[in-house]
Amino acid sequence: MTKRINLALQGGGAHGAFTWGVLDTLLQEPEIEIAAISGTSAGALNGAAVKSGLSQGSNAAAIDTLAWVWEKVGAITDPTFTPWLNMFSPQAVSAILETSIPFLAGDAYSRAVSPYASGPFYKNPLQDIVSELHFDSICDDNGPAFHICATNVRSGKIRVFTGDEISPEAIMASACLPTMFRAVEIQDPTTGKQEAYWDGGYTGNPALFPLFAPDLPRDIVIVNINPLHRDEVPTTARAIQNRINEISFNSSLFRELRAIDFVQRLLHRDMIGGDAFKDVLIHMIADDELMRQLSVATKVIATPQVMHQLRMAGQHAAQNFLRDAIDHIGEDSTLDLRGMFE
């Protein structure tokens, strides 16, 4: 029996290679059908690759497009290099990057100098990748519904792009870190005005509400790549900045999950009618233990070793999810929201 799910794909720069591994595995599972995708930043890029293949009716095409995207980012998929890619732990690579002169200089520069200071020499680094994606397939009505989240700079509100609204600019907007990239300007179809957008992680990382549509299945599988919890209180300047980044990019997800928990309790106590709200089921695929070993440095610097290990970890996490949770799909949640918020 086919299990239909919605995917919610978090953003997190090069850490999105974990999501690549998760999607690799889910796309090879014949029991799983992806009905809808909501993605932010790296999640938007991953989602676009999957949508492109599935709209053509091919899981294999989706897998190949994912590999192509991440090879463009800098990943190495040739198994000949696997022993070398496993030579250093993610934690060791993260520590080396964090203390390297190029990273420290680049980080200091981004905090002191506006991306607008580069004048006519500026170019969004994602432009060459996203411009080669097949947007006829990505915007097609076939395959899963697809949504991309970005943050309107002027209003601070979330903007969800879907259907024909999805473009190279929409993906770049969803991944636009304001200290590194210029805001991406896209015309608002309602007002006709040019609006500026920053990273969608500030307002929806990822947005879950597009997945509440009545025609979609109840199950939402969140692929989480920002650690929800850290035992140690950060004390160094670098660790403090890293944890601020994680909390900022998890806050919108927490808000939506808390709202879902509240509605679920009302529904289960018969305090509101079932027709008024959808009783969604929440699942999560994550590897907080691995992600806690990494940092902002491994998010912004695409390192082949780290991306390889993240992909392998994503494949393993997805295999565990399929083993432990596939029978729960359509029946009940496997993420304990009550325990999360108590």
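E246 is buried, with a relative accessible area of 2%, where buried means under 20% relative accessible area, exposed over 50% and partly exposed in between, computed with a 1.4 Å probe and protein chains only. This is a predicted model, in which local features need pLDDT of at least 70 and side-chain atom pairs count only at pLDDT 80 or more, while totals for chains, interfaces and linings use all residues. Residues are numbered from 1 along each chain as its sequence is written, and side-chain values use heavy atoms, with hydrogens and water left out.

E246 belongs to helix 10, residues 237-268; helices (H or I, at least four residues) and strands (E, at least two) are DSSP runs numbered from the N terminus. Not counting residues up to four places away in sequence, E246 touches P227 and R230, contact being heavy atoms within 4.5 Å. V296 is 50 residues from E246 along the chain, and the C-alpha atoms of the two are separated by 8.9 Å.

D24 lies in helix 1, residues 17-27. D24 is buried, with a relative accessible area of 2%. Apart from neighbours within four places in sequence, the contacts of D24 are I63, R311 and Q315.

D141, by contrast, is exposed, with a relative accessible area of 77%. D141 is placed in the loop between helix 8 (135-138) and strand 3 (145-152).
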